[in-house]
Amino acid sequence: MNKKGILMGGFILLLLLIIGGMKWLMDQQTNGEEPTNASQTTSTSSLSTESSIPEKTTEEETTIDKRIDQMSLEEKVGQLFFVRVSEINQVEDIQTYHLGGYVLFGRDTENETAETLKQKIADYQQASSIPLLIGMDEEGGTVTRISRNPALVQTPFLSPQQLYQQGGWQAIEEDTAQKAAIFHEYGISTGLFPVADVSTDPNSFIYDRTIGLDAAGTSEFVRRNIAVLKENRIGSTLKHFPGYGNNRDSHVEIVTDDRPLEELETNDFLPFEAGIKAGADSILVSHNIVTSIDDSAPASISKPVHELLRKQLGFKGVIMTDDMDMAGLADFISQSEAGLRALEAGNDLVMSSTYQQQIPVIVEAVRSGNYPEAAIDASVKRVLEWKASIGLIN
């Protein structure tokens, strides 16, 4: 072969090698493999893992765990009580019972000015070693607290149905945003709403407090409320699980709900599931006896009801009772027993006006080995994580 042929052969061989190399690269990429060395692959994997776990969340959990380790039993139990403000000893009871939070009712706001209400709430917070949840049932319409006083809010909040009729979902969202702004102004950290009950019968007890739509419409109402509250870092509460439906009023009597579980699952549970998916902070459980889940006790102190909420619906946030002084529970069980029964059922927060009786019973049950302190710790952790998520705990 002459010199020119040798050069041509070498050129062809080089060209074949280049083409082969390019094909190998393409095959590797098709198989999902990057042409990198082992150290580069390890580094990329490490970065991916770290980014999936927010550093702030880990730090908050560590801080909360340490805080719980340093708390006395009395302090832990007190954190599990979200109570109606007493008419006397308001500041003293925060310190004596280490309360987790205060729920403001109409009597707590009706004679206040903007400045005196701010100062009162600030005094409550100053008295507490752990920031308090300050909550309010500001549903609008028939259930208003702060907006019934024109010195605090110029115009009372309308009911969800009135808002929806006047301006659709935009009016609902604007109303929720206005509530959030007012709450921030006065130092109120959580709203005991939205009402997630599905009720389409105008004659039923709960109807006027609902959006008045079917399960799909109620789910949309819940989603929009939760989104606005989360955006504004105001706590949210879905109520009244497992769903009031068209039942009677458990404020004044023991109520029994005989609807089949399938009906609840395909109707009443849907807004709660939508709220859980949207990131609801807490769920309030009614005192209705729901026979298809547990025919032996009101839902608020029923372990099967709470297990369903945790396991079937997958809720990981704070579960609380409805007001323990309502006849639907108070006529069923003594107030001294009710607080412990609520925790045994699976609640994290007890809403009560008789906390002075209930807290010592729980403390004694733990000390005597009749209720595990680990269960107290788990509930305290959920409560403190809620407080951290809305900016109460740094």
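Predicted model: local features only at pLDDT ≥ 70, side-chain atom pairs only at ≥ 80, totals over all residues.
The largest pocket, for its part, has a volume of about 330 Å³. Its lining is made up of 17 residues, and of these Lys230, Gly279, Ala280, Asp281 and Ser389 lie nearest the centre of the pocket. Two or more residues of this lining are given by helix 8 (215–231) and by helix 14 (373–389), and helix 14 supplies the largest share, namely 4 residues.

An open sheet is formed by 3 strands in the order 5-7-9, with parallel pairing. Because strand 5 (237–241) and strand 9 (318–321) stand at the edges and each has a single partner strand, one side of each is left without a neighbour in the sheet. From one strand to the next, the twist averages 25°. Strands of a sheet pair through backbone hydrogen bonds, in either a parallel or an antiparallel manner. Here, strand 7 (residues 282–285) and strand 9 run parallel and are joined by 4 bridges, and the bridge partner of Leu284 in strand 9 is Met320.

Helices are also found against this sheet. Helix 10 (residues 303–312) lies across strand 5, strand 7 and strand 9, and runs at about 155° to strand 7. Helix 14, which also contributes to the lining of the largest pocket, packs on the sheet and touches strand 5, strand 7 and strand 9, while its direction makes about 105° with that of strand 9.

Across the whole structure, a search finds 7 aromatic pairs. The pair of Phe183 and Phe193 is edge-to-face, because the ring centres are 6.4 Å apart and the planes stand at 65°, an angle over the 60 degrees that this description requires. Since Phe183 lies in helix 7 (residues 160–186) and Phe193 in the loop between strand 4 (190–191) and helix 8, the pair ties together parts that are 10 residues apart in sequence.

Technical notes
Residues numbered from 1 in each chain as written. Heavy atoms only, no water. 1 Å grid on protein atoms, 1.4 Å probe; cavity = no way out; pocket = protein on both sides within 12 Å on 5 of 7 lines; lining within 4 Å. Points joined across faces, edges and corners; volume = space filled by probe spheres on them. Pairing = 2+ DSSP bridges. Axes fitted to C-alpha atoms, helices over the stretch in contact; angles between N-to-C directions. Contact = heavy atoms within 4.5 Å. Phe/Tyr/Trp six-rings, centres within 6.5 Å; stacked < 30°, edge-to-face > 60°.
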